[in-house]
Amino acid sequence: SVRMSLEVSPSLPVMDLFNEAVDYLQVYNIAPVSEDDVDSYLRDVFPEASEWTSNSPLLNEPCLPCALRADNQEDLLEKRLQVLKGVLLCEEVYLMELETLLTPMKALKAAAGTSQPVLSTEQVQTVFYQIPEIRDLHKDFYRSLQRSLEPEHTDGGEEATVVLPYHVTVGDAFLKFVNQLGVYRGFIDNYESAVKIVQECTRSDQRFRTLAESMSSKGADNDLWKHTPPDHPDRIKLQESLRLSSSFLSGVNERSQCKQPVMLSKGERRQLIRDGFVVDVCENGHNLRHLFLYTDMLLCAKLTSAGRQAHYRFCWYLPLVGLKLTWTSEPLPSSESQTKMNKTRGKMFQLNQALQQHGKGGKSSVSRAVDRLRRKLEECEIWLLTNTPSFTLNLHSTSGKSHTIRMLSLYNLTEWKEAIERQCVDCIETVPPDLLSVTSSCIKLRMTQQPPLHNVESVESAPICGSLYVMVQAACGLQQPCSAYVCVEVDGFEFYNRRKQTSVSAFGFLPQWNEARPLDGAQQLFLVLVSQEETDSRNDIVGRVVLNLDPDEMFKKRKNFTCSLGQVEVTLSIKYMPHPLELPSISPLLQEPVFGVPIAQVAIQERVLVPHIVRSCVEEVEQRGLKEEGIYRISGASTEIQALKHAFNSNYREAVSKLRKVDVNAVSGTLKLYFRELPSPLIPSELYNDFLDARDIPDPYVRADSLLRLLQSLPDVNRNTLLFLFHHLRRVAERKQENKMSLSNLATVFGPSLLRPPVARVDISQEVEVQVQVIYLYLQCKNLPEPILTKSLTADDTES
C-alpha cells in the first residue's frame, strides 16, 4: 500500500486489506502465486540475500510482498507503466478530495470567532487535524511522479507520447513518501475524536449536517513492486518502501487492536506520542539509541537483530512526572577531532561517488559490491552521527536520575522538547510500567523505522545540488527586549554543511543581522529563533518554521520574503548557486583570531560594522555590571581574562558561554584588553594632531561640530565601533550613583586605548591629558549619532 484513504478506519483488519489486494490483481488478470513459488523466486533473484540482509546493523523484520512471474521483461515493464498511471490517477483524485475536504476549513475557522459559530476553534482544529500536512505530503509525491512520467517528444516531430524507458526511476519518490508516513500517525490518533465531533455536530446543527453530506473521501491502493524487473534500479528502493509502509500499517493495526492491556493508574491507555533516533551520552561514550515518548514516560532502547528478526533491548526510562528539561549547544571540537570528522565526510563522498558509478554501469543494485559500499557508507554515517557536535537535551527526574541526549538539529530538538513538555503538563504519578513488556511492544508501535541516514537516498535524486545562500536580515514582534540569534538548518547530505547560525543581536526589541549563511545539498530549510532575556542567561526558543525548497523556483533570482516564527516575523532572502558538489575539505574549520588583528579585517570576516567581541562584552556588562562599583576601573582576574581571550580567538560560541559564567569585571577587562591590543587604535594615529587642534577650539559649539566632522571622516568600522562604545559608556555613567563611574572616570580608563599619538611623546602626562579630554568631549556630545551594527549585504556581496 502506498497511501491511506481517509474513509478507512484505523482498525481495518489486515485480512480485508489482503482481499482488496487479491481483487485488485484479478482486475489486471494476474493470479497470486504460492508461498513456495515466492521462496523459489527470491532464491533465484537474490542468491546472496540471506547474507547481506543479516549483516545490516539497521535490520528490521522483513515484510516483503509476493513476487510475480512475467513471460518477458517487455510485458513486465508494460504492466509497470499501467500501475504507475493508476497510481498517478489515484493520487490526483485523492488530492482533489483532500482539497474538497479542506475547502470549508477557512470558513469554519472564520466563523469560530463570531457570535454564531458552526464549530469552535478547538473543534475545527480537531476535525481537520493533520489533513493539511497529509495534503502537502501527497502533493509532493504526486508532483514527483508527474515529473518522472512527463511525455517525451519523438525525433520525427510527432505528438508527445508517454513512454517508460528502462532508466526512468520512481523509487526515490516512493521512498521519500513512505519515510514521511508518520504524518498519518497524528491523524489516526485523532480519528476517533474527529468522528465524534462530526457525529455530534451533524445531529445538533443543520448547517454542519448540510456541509458534511456534501463531502466524501474515497481511495484505492496500488502495487508497483511486483511489476518491476529484478534488475531494475528501482527494485531495492521500492522493496524498502513497501517494507516501511507495511511495518507502519502493522504498527497501526497493532496499536488499534492490542494496546488495551497496557493501562495507567488513572485508567487511561499508555500511548506512543513520538519516537526517533537520538545519541545517548553516557559514561561509555556516545551511542545511537531509539527514544520513545509515551503518555507517562520516556523510554530509551537499543535496536538489535537476532537472525532476521529485529527487536529492542531496554536501556533506561524516566517518568514524565516532575521531569525538567534544559538544552545547550556543544562547543566546537578540537582540531584533531575536526580533522577526523572531515576525513570521514571525505570518505563518505567517495563511497557515494562509487555507488553512482555502479548505477551508471547498469550493474545490479543488489550485487555484493554495491552492498559492501552501502554498508561502509552506513558505518561512516553512523559514526559521524554519534560524534558530530550537536545540541544536547538534559533530562532531570525528581528521582535524582538524569540522562543526556544529543540531536544534530536544533529544529528536531525543539520538536522533542515541546512534545515532552506538553505531556508533562497533565501527567500524574502512574504505576511503574512493565519495562520488558513495553520495550518488546516498541517494534510494533514505532513510527520511525531507521536513523536519519542520508545514504539510503541517492545523491542524484536530490532536487538541489549546489549552495544555498540564506541571508537573515531582521526580526520584529518580540514581546520583550533580548539578545537573539537565528539557527539556519537544512536536511542536506551529512558530508556537507548542514547548519549555520547568525551572530547574537544587540539587546533590544528589533534584532538586526544582515548576514549570509551558505549551506549545501538541501531539500528543506529550517529556521529556529533563540532569545536570551536580560535577567536570565538561559536560552529560550521563540519560534521555528520549516520551508520546502522548490527546485524550479531556486534557479530564479534571489527570493525575498518574511516568515512567521511563532509571534515573531523574520525577514530573509534566499539565493541558490547551482554547482556540482565536490569533495569536502579535510582540513579543520578553525576560527580566525580577533585579538591583535586589525579591526577592519575582523569586521570583514564577520560581515559586520561592530565586531562581535565588542557587542558581546558590552551586552554582558549592561546585563550584569551597571550596578557593579568600579566597573571598568577594577580589573578582573587575569586567568579569566586570558581564558576569554583564547575563547574569542578560537570559538566564538564557547566565548559567549564563558562570558555568562565569569565575574563581570573579567568581561570588562577583556573588552579593554581587546582595544589595547589593536595594531592601530580606533582613532587613527595619523589624525592625532587634528583631534588635538579640535580639542583646543575655545568655542564649545564650534569645537563639538569639528569633533563630529572628524568622527565622520573615520573608516566605517572604526566610526561605528566608537559610537557603539560611546553610547554604552554613557549608559554606564547614568548609574554613577551605584557604580561610582562618571563620564570623566570612564574617559580616563578608555582614552589611552582609543587615541594614541603617531610617535611616543616625552611628556606622557600631556599625552594622557589629550587622550582623556578628547574622549570626554565625545561622551558629552548631545547629538552623538547612533551606530550601525551590521553592513547591509546585497546579492552581489553574497555571490562574491
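**Aromatic pairs, strands and loops**

Biologist: Quick one to start: how many aromatic pairs does the structure hold?

Modeller: The structure holds twelve aromatic pairs, where rings of Phe, Tyr and Trp (its six-membered ring) count as a pair if their centres lie within 6.5 Å, with planes under 30 degrees apart called stacked, over 60 edge-to-face and the rest tilted. One of them is formed by Phe-292 and Tyr-312, whose ring planes stand at 90° with the centres 5.4 Å apart, so this pair is edge-to-face. It links distant parts of the chain, since Phe-292 belongs to strand β2 and Tyr-312 to strand β4 (residues 309–319), 20 residues apart.

Biologist: Before we go on, what kind of model is this?

Modeller: This is a predicted model, in which local features need pLDDT of at least 70 and side-chain atom pairs count only at pLDDT 80 or more, while totals for chains, interfaces and linings use all residues. Residues are numbered from 1 along each chain as its sequence is written, and side-chain values use heavy atoms, with hydrogens and water left out.

Biologist: Back to that pair, are Phe-292 and Tyr-312 buried or exposed?

Modeller: Phe-292 is buried because its relative accessible area is 0%, and Tyr-312 is buried as well, at 7%. Here buried means under 20% relative accessible area, exposed means over 50%, and partly exposed lies in between (1.4 Å probe, protein chains only).

Biologist: And which residue is the bridge partner of Phe-292?

Modeller: Phe-292 in β2 is the bridge partner of Asp-275. Strands β1 (residues 272–282) and β2 (residues 285–294) run antiparallel and are joined by ten bridges, and a hairpin of two residues connects β1 to β2. Two strands are said to pair if DSSP finds at least two bridges between them, and the elements themselves are DSSP runs numbered from the N terminus, with helices (H or I) of at least four residues and strands (E) of at least two.

Biologist: What else does β1 pair with?

Modeller: β1 also pairs with strand β7 (residues 402–407) in the antiparallel sense, over three bridges, and there Val-281 has Thr-404 in β7 as its bridge partner.

Biologist: Where does Ser-409 lie, and what does its side chain reach?

Modeller: Ser-409 lies in the loop between β7 and α13 (410–426). Its side chain reaches the backbone nitrogen of Tyr-411 at 3.1 Å and the backbone nitrogen of Asn-412, also at 3.1 Å. Such a polar contact is a pair of N or O atoms within 3.5 Å; within protein, one must be able to donate a hydrogen and the other to accept it, and residues adjacent in sequence count only if both atoms are side-chain atoms.

Biologist: Why does Ser-409 count as buried?

Modeller: Ser-409 counts as buried because its relative accessible area is 17%. Leaving aside residues up to four places away in sequence, Ser-409 touches Phe-391 and Glu-489, where contact means heavy atoms within 4.5 Å.

Biologist: You mentioned Tyr-411; what sits over its ring?

Modeller: The charged end of Arg-544 sits over the ring of Tyr-411, 5.1 Å from the ring centre. The rule asks for NZ of Lys or CZ of Arg within 6 Å of the ring centre and within 35 degrees of the ring normal.

Biologist: New topic: how many disulfides?

Modeller: The count comes to zero disulfides, a disulfide being a pair of cysteine sulfur atoms within 2.5 Å. Among the cysteines, Cys-476 is partly exposed, with a relative accessible area of 37%, whereas Cys-617 counts as buried at 0%.

Biologist: Which strand does β8 pair with?

Modeller: Strand β8 (residues 466–476) pairs with strand β15 (residues 568–578) in the antiparallel sense over ten bridges, with Ala-474 opposite Thr-571 in β15. Strand β14 (residues 559–565) pairs with β15 too, again antiparallel, over seven bridges, and Ser-564 stands opposite Glu-569 there. The hairpin of β14 and β15 has two residues between the strands, and Gly-566 in it takes a positive phi near 70°.

Biologist: Last one, the whole chain: how many helices and strands, and what share of residues is buried?

Modeller: The chain has 27 helices and 15 strands, and buried residues make up 50% of its 800 residues. Among the contacts with a separation of 6 or more, 74% are between residues 24 or more positions apart.
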